[in-house]
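Visitor: Could you show me how to read the inside of a protein model?
Guide: Gladly; let us look at the model together.

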Amino acid sequence: MGHVVAIMKKQLKDTLKNKVVLLQVVLFPVLTWIMNSAVIMEDMPENFFVTLFATMYVGMAPLTSMAAIIAEEKETNTLRVLIFSNVKPHEYLLGVGIYVWAICMIGAGAICAAGRYDLQTGAVFLGILAVGILTSLLIGAAIGTGSRTQMMATSVTVPVMMAISFLPMLSMFNDTIAKIAKFTYSEQISRMLGQVGHLALTTEAICILCANILLAAALFAAAYKRCGLA
């Protein structure tokens with residue numbers, strides 16, 4: 001735990017340098033507040049923009065942040081130096097993961113505040129986002145760990161991020177896409193957020209979320225073994 005805490009403190013000190021993390025954690029809450037307050041259309045679902053941007057935030061911010069941090073520290077050999085300093089790879093990854101998850105949850109709290117939910121509904125909202133952020137973290141960790149350079153990580157991150165983030169929005173307008181998108185965790189997160197005030201979890205939704213988390217963890221484990229850090 002000492003090594004994990006030390007890695008978290010290191011990342012916290014580097015927060016201002018991590019422009020990717022900082023920008024996305026600030027950008028999505030700001031956009032949510034602006035759009036939710038400024039755009040009012042007839043027959044628009046309540047907190048439509050809160051649900052929309054929260055889903056995009058889950059698919060983008062933790063995934064790109066985790067991949068960027070790990071890929072950068074691999075490329076600069078910082079990770080290798082830490083391992084030679086008796087920091088186990090899983091300790092490093094756990095420290096970075098907790099840091100990114102905590103930072104992303106602060107942004108999630110700001111998005112939740114834009115919806116002006118009551119205490120119970122707000123807690124459910126944050127719980128849903130916490131699961132989505134965890135899944136994205138694992139995918140980002142797999143990409144960052146399996147990439148030799150930051151450029152390689154970015155080339156993989158962008159299409160994956162776009163697919164995860166925009167599928168829920170596209171599924172609103174296309175039934176064929178909706179049938180495919182329902183098997184992704186981002187679509188399930190979007191559906192849950194849409195009914196956050198009267199959430200009723202189905203067996204199908206739980207199974208899809210668990211399958212996505214296990215798949216993300218398997219991808220990370222495979223990348224971890226291939227990169228030669230184990």
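**Cavity, pocket, core and rings**

Guide: The lining of the largest cavity divides into 5 nonpolar residues, 4 polar ones and no charged ones. Here Ala, Val, Leu, Ile, Met, Phe, Trp, Tyr, Cys and Pro count as nonpolar, Asp, Glu, Lys and Arg as charged, and the others, Gly among them, as polar. This is a predicted model, in which local features need pLDDT of at least 70 and side-chain atom pairs count only at pLDDT 80 or more, while totals for chains, interfaces and linings use all residues. Residues are numbered from 1 along each chain as its sequence is written, and side-chain values use heavy atoms, with hydrogens and water left out.

Visitor: What volume does the largest cavity have, and which residues line it?
Guide: On a 1 Å grid over the protein atoms alone, a cavity is a set of points where a 1.4 Å probe fits but cannot get out, a pocket is an open set with protein on both sides within 12 Å along at least five of seven lines, and lining residues have an atom within 4 Å of a point. The largest cavity has a volume of about 40 Å³; Thr51, Met169 and Ser190 are among its lining residues. Helix 3 gives the largest share of that lining, 4 residues. Helices are DSSP runs (H or I, at least four residues), numbered from the N terminus.

Visitor: How many residues line the largest pocket?
Guide: The lining has 19 residues, and Glu46, Asn47, Thr51, Leu193 and Gly194 lie nearest the pocket's centre. The volume of this pocket is about 360 Å³, taken as the space filled by probe spheres set on grid points joined across faces, edges and corners.

Visitor: How are ring pairs described?
Guide: By the distance of the centres and the angle of the planes. Rings of Phe, Tyr and Trp (its six-membered ring) pair if their centres lie within 6.5 Å; planes under 30 degrees apart count as stacked, over 60 as edge-to-face and the rest as tilted. Phenylalanine 48 and phenylalanine 49 are edge-to-face, at 5.3 Å centre to centre and 80° between the planes.

Conventions:
Helix = DSSP H or I, 4+ residues; strand = E, 2+ residues; numbered from the N terminus.
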